[in-house]
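Dear colleague,

I am passing on the structure below, and after it I set out what was found. Please read the notes with the model open beside you.

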Amino acid sequence: QLREAVRCGMLAVKNTLEDGCAMPGAGAVEIRIGNWLANHALPKVKGAARLGFRAFADAILVIPKTLAQNAGYHPQETVGKALEAEEETTLPVGIDLATGGLVVGWETPVWDNATVKHQLIHTSTAIVSNILLVDNIVATGTTKSPQSHI
């Protein structure tokens, strides 16, 4: 286990050096994306695509909710506070897992690799697209891809 932890740590340093950047952790990226999708992008989307936007905004908030719940805090309440705080600032807002409070700003003790976040979002959307394609095939018996309304 120690060997694996050292290997993961070295890989994180390698990714950060290659990226040339890191992103605030503690769920801050997911809170920002979920909030932006729900409050800024969703009002501009029309039709059935609204359901997809809402579902993706809700799904990405599973990460900070899981962090809060695993730390012993109420996930809905904690993430709700974070979303409210995120609306009032341009700084990142994450969850302080030691206190259940919020970490606002760049002084966060937790940082994530930009590459990892990019892969997380890309892979998640690719998986959902494939599931929707399979669902479409099963429902209609055709292989037509779902149309994008964005």
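Among contacts in the chain between residues at least 6 apart in sequence, what percentage join residues at least 24 apart? The figure is 57%, and please bear in mind here and below that this is a predicted model.

To begin with the overall layout, the secondary structure of the chain comes to 6 helices and 4 strands, and, read from the N terminus, these elements follow the order α-β-α-α-α-α-β-β-β-α. The C-alpha trace spans about 50 × 40 × 30 Å along its principal axes, and of the 150 residues in the chain, 27% are buried.

The next point concerns a pair of helices. Helix H3 (residues 49-60) and helix H4 (residues 62-70) pack at an angle of about 30°, and their axes lie 4 Å apart. Because angles under 35 degrees count as roughly parallel, H3 is described as roughly parallel to H4. On the H3 side the contact involves Asp58, Ala59 and Ile60, which meet Val62, Ile63 and Pro64 in H4, and the residues of this contact divide into 5 nonpolar, no polar and 1 charged.

Asn113 has its place in strand S4 (residues 111-113). Its relative accessibility is 10%, and Asn113 therefore counts as buried, the cut-off for that term being under 20% relative accessible area. The side chain of Asn113 is joined to that of Thr16 by a polar contact of 2.5 Å, and, leaving aside neighbours within four places in sequence, Asn113 is in contact with Ala12, Asn15, Thr16 and Asp19.

Gly105 lies in the loop between strand S3 (102-104) and S4, and with a relative accessible area of 7% Gly105 is likewise buried. Not counting residues up to four places away in sequence, Gly105 touches Leu91 and Pro92, while Gly105 and Gly94, 11 residues apart in sequence, are 8.6 Å apart in space from C-alpha to C-alpha.

Ala26, finally, lies in the loop between strand S1 (22-24) and helix H2 (28-41). The relative accessible area of Ala26 is 11%, so Ala26 is buried.

Methods: Residues are numbered from 1 along each chain as its sequence is written. This is a predicted model: local features need pLDDT of at least 70, side-chain atom pairs count only at pLDDT 80 or more; totals for chains, interfaces and linings use all residues. Side-chain values use heavy atoms; hydrogens and water are left out. Axes are lines fitted to C-alpha atoms, for helices over the stretch in contact, and angles run from 0 to 180 degrees between N-to-C directions. Helices (H or I, at least four residues) and strands (E, at least two) are DSSP runs, numbered from the N terminus. Angles under 35 degrees count as roughly parallel, over 145 as roughly antiparallel, 65 to 115 as roughly perpendicular and the rest as oblique. Contact means heavy atoms within 4.5 Å. Ala, Val, Leu, Ile, Met, Phe, Trp, Tyr, Cys and Pro count as nonpolar, Asp, Glu, Lys and Arg as charged, and the others, Gly among them, as polar. Buried means under 20% relative accessible area, exposed over 50%, partly exposed in between (1.4 Å probe, protein chains only). A polar contact is a pair of N or O atoms within 3.5 Å; within protein, one must be able to donate a hydrogen and the other to accept it, and residues adjacent in sequence count only if both atoms are side-chain atoms.
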